[in-house]
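Please take a moment to look over the sequence and the structure shown here, and then follow the paragraphs below, which go from the whole chain to its details.

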Amino acid sequence: MAITRHELTRRREQLQDLQRYLAVLEADHDGARAKLLGFRQRYLEALGPLMRELDELEDQLHQATALLSEALRRQGVEAPVSTSPRAKAWPDVPALPNATPLPPEPTGPTTDLPPPSLKTLYRRAAMRFHPDLAPSGPEREVCEQRMMIVNDAYASGDRSRLEALLLAAGELPEKVIGGPADAVRAWLGLCEHMVQGRIRVVQAQTAMLQAQQMHELRIAVERAEAGGMRPLDIMAARLRAQIAERRQELYIGERVGGDVGLAADFLRKRHQRLA
């Protein structure tokens, strides 16, 4: 089917609009990622040492309570055993994967060449997909399935199906759908498909980035800071309070081993706290 210069111009403009939209999405993603990485660095500088200290105290408490639980069991007293709290790993914030470059636009005059006949398309498809021309094994089975599709398309006069099979197999567009103008149309369709696929990749990765807990925390912290608050200082004060509580808990846990009742009560309260 011939294509007019006006149609080619309109399709090129559509492709350019898609590319501009993609560029905006990529810039938005990269900006949000840079903000998230910057906030994470600031968060870790402000709270990282305190979180590590708290994790170390929790490990010491787990070891102390494990010894208490074992001592009580030897005396015939059942005591709850709490699992060791594990620090959560920071999720990755990957950059966008590299985009596949678009293929070069076909060159040559824009006059149309007549497309091949349906019979010619069928013969070319048979040359590519006939199972007798394929090696034995999985490749031959694939060719058998494709040849069945080719035969059905030829029997029903489904030219578009034969064209799609040949183009997907790497046949030159001008040998399938006609002259250079139609080759440009096929090139435009391929480029649109590639750009739309890239748009979906960027949108999916942006959604994953925005679903991260650290992203939500960044929004909340920056909103609070815009209102004159100091949320990171508040978080640091809470961590220091937790550290003081764990130190006191560890001090008690290391000294109640001689009293079965106190030891059992200590383990029960710790188990409730971690549950």
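## From the surface to the core

The accessible surface of the chain comes to about 17300 Å², and carbon and sulfur atoms account for 55% of that surface. The model is a predicted one, and of the 275 residues in its chain, 30% are buried. The chain holds nine helices and zero strands, so that, read from the N terminus on, its elements run α-α-α-α-α-α-α-α-α.

Which elements give two or more residues to the largest nonpolar core? This core has 26 residues, and those with the most contacts inside it are Tyr43, Leu47, Leu68, Phe266 and Leu267. The elements that contribute two or more residues are H1, helix H7 (213–226), helix H8 (231–253) and H9, and the largest share, twelve residues, comes from H1. Another core, of twelve residues, lies apart from this one, and Leu22, Val184, Trp187 and Leu188 are among its members.

Within H9, the residues Ala263, Phe266, Leu267 and Arg270 are buried. When the helix is seen down its axis, the buried residues of H9 fall within an arc of 95 degrees, and therefore they line one face of the helix.

A pair of aromatic rings is described by the distance of the centres and the angle of the planes. A search of the whole structure finds two aromatic pairs. In the pair of Phe39 and Tyr43, the ring centres are 6.0 Å apart and the planes stand at 40 degrees, so this pair is tilted. Both residues lie in helix H1 (residues 5–74), where they are four residues apart, about one turn of the helix, and both Phe39 and Tyr43 are buried.

The pair of Tyr122 and Tyr154 is stacked, with 4.3 Å from centre to centre and 20 degrees between the planes. This pair links distant parts of the chain, since Tyr122 lies in helix H2 (residues 118–129) and Tyr154 in helix H3 (residues 138–156), 32 residues apart.

Conventions. Residues numbered from 1 in each chain as written. Predicted model: local features only at pLDDT ≥ 70, side-chain atom pairs only at ≥ 80, totals over all residues. Heavy atoms only, no water. Phe/Tyr/Trp six-rings, centres within 6.5 Å; stacked < 30°, edge-to-face > 60°. Buried < 20%, exposed > 50% of the residue type's maximum accessible area, 1.4 Å probe, protein only. Arc of directions from axis to C-beta. Core = buried A, V, L, I, M, F, W, Y, C linked by side-chain atoms within 4.5 Å. Areas by Shrake-Rupley, 256 points an atom, 1.4 Å probe, with all protein chains shown as cover.
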